[in-house]
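Please open the structure in a viewer and keep the sequence at hand.

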Amino acid sequence: MKLKADLRLVAWELTKRCNLNCIHCRAYAQDEEIKDEYNTERCKEILEQVSEVSKPIVILSGGEPLLRDDIYEIASYGSFLGMRMVLATNGTFINSDVVKRLKRSGIKRVSISIDGATSQSHDSFRKVEGAFERAVEGIRYLREGGMEFQINTTITKINMEEMEDIVRLALDLSASALHIFFLVPVGRAKEMQDGSMSPDEYEIVLNRFYELKDMVPLHLKATCAPQFYRILRQREEEKGRKVEFKTHGLDAISRGCLAGISFCFISHIGVIQPCGYLEVECGTLNQNSFKEIWDESSVFKDLRDLSKYKGKCGRCRYIRFCGGCRARAYEKSGDYLSEEPLCLYNP
């Protein structure tokens, strides 16, 4: 079975510079000057290339994207081209003036990373004292300024017991949504020996997350956890309910791993990857256009052909909905088409 390429999301690492030093950072970001990142005009050219393929949601990310002085100009240009521009930030630089400038630039939603329900647990992830309080303060400015925001949380063995407290925090802060990410062992996360959950723990947490979605008035979405979309269908089928979900927008529930199918990642130096965690180069914007890479990359073509998937992923009846995490498969075996190592389900 071959899936049609349908570009809906692009995550763009505008900079690798960051004021925090997070223990799970895939980019090894740190607070130092980055010399090889693209300038404003080159960023605009890339946005033009992306817009020739489709009008996706573009996630302006990093590092910390608010460390770029031209972030508002880049966002404005993407908005002018008809794309939905959103910002992924750690929240520590947000104040009332930043909110006004984000709104003027056309940013539609801001995601704030919160990895613990308390300052102690969050700051231990971020390795900077006061990071939690500054992020919560930034959220208050967003709320007062009428800017839509969501909270992004990376779930690991360290903070998995806090998940429900983080859901309550998101409710208390009036977030539009909570997106949970599951640890992928790349970057600094490779050094987190105590961070990875077992397949059993992974299954328990995802089932609890499924149960929470009907218990709280908050949009909950799992990211980098494709098995959730298998669990979701299993649980809905058990209830005799037809599986119908929103398939467009930031909170779309459509498929687990979107890498190379409806999503891709652009690095700060123009390298295209299926996602930020799957460190396989599909092409570089220094040599080819975005459209050429999106249409012709052999890696993207592999990921869109489900008949090439191996192991139990290749045999699974949920493959079209889940797909397994291609990044975890690659980190475990060196083959991005191999089976997802953290999946408990046996087809």
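**A tour from helix H1**

Begin at Asn 39, which caps the N-terminal end of H1, with a side-chain oxygen 3.3 Å from the backbone nitrogen of Glu 41. The model is a predicted one, in which local features need pLDDT of at least 70, side-chain atom pairs count only at pLDDT 80 or more, and totals for chains, interfaces and linings use all residues. Residues are numbered from 1 along each chain as its sequence is written, and side-chain values use heavy atoms, with hydrogens and water left out.

Next, select residues 40-53, the 14 residues of helix H1. Helices (H or I, at least four residues) and strands (E, at least two) are DSSP runs, numbered from the N terminus. At 1.5 Å a residue, H1 should span 20 Å, and its end C-alpha atoms are 21 Å apart, which agrees; the expected span is 1.5 Å times one less than the number of residues.

Within H1, highlight the buried residues: Thr 40, Arg 42, Cys 43, Lys 44, Ile 46, Leu 47, Gln 49, Val 50 and Ser 51. Buried means under 20% relative accessible area, exposed over 50%, and partly exposed in between (1.4 Å probe, protein chains only). These buried residues pack against several elements, among them strand E1 (9-13), strand E2 (57-61) and helix H9 (290-296).

The axes of H1 and H2 come within 10 Å and cross at roughly 25 degrees; axes are lines fitted to C-alpha atoms, for helices over the stretch in contact, and angles run from 0 to 180 degrees between N-to-C directions. H1 and H2 are therefore roughly parallel to each other, a label for angles under 35 degrees. On the H1 side the contact (heavy atoms within 4.5 Å) includes Thr 40, Lys 44 and Leu 47, and on the H2 side Ile 74 and Tyr 77.

Move to Thr 15, in the loop between E1 and H1. Thr 15 is buried, with a relative accessible area of 2%. Its side chain reaches the backbone nitrogen of Arg 17 at 3.0 Å. Leaving aside neighbours within four places in sequence, the contacts of Thr 15 include Ile 34, Glu 37, Arg 68 and His 268.

Finally, select Gln 150 in strand E5 (residues 149-155). At 5% relative accessibility, Gln 150 counts as buried. The side chain of Gln 150 makes a polar contact with the side chain of Arg 109 (2.8 Å) and another, of 2.7 Å, with that of Asn 152. A polar contact is a pair of N or O atoms within 3.5 Å; within protein, one must be able to donate a hydrogen and the other to accept it, and residues adjacent in sequence count only if both atoms are side-chain atoms.

Note on methods:
Angles under 35 degrees count as roughly parallel, over 145 as roughly antiparallel, 65 to 115 as roughly perpendicular and the rest as oblique.
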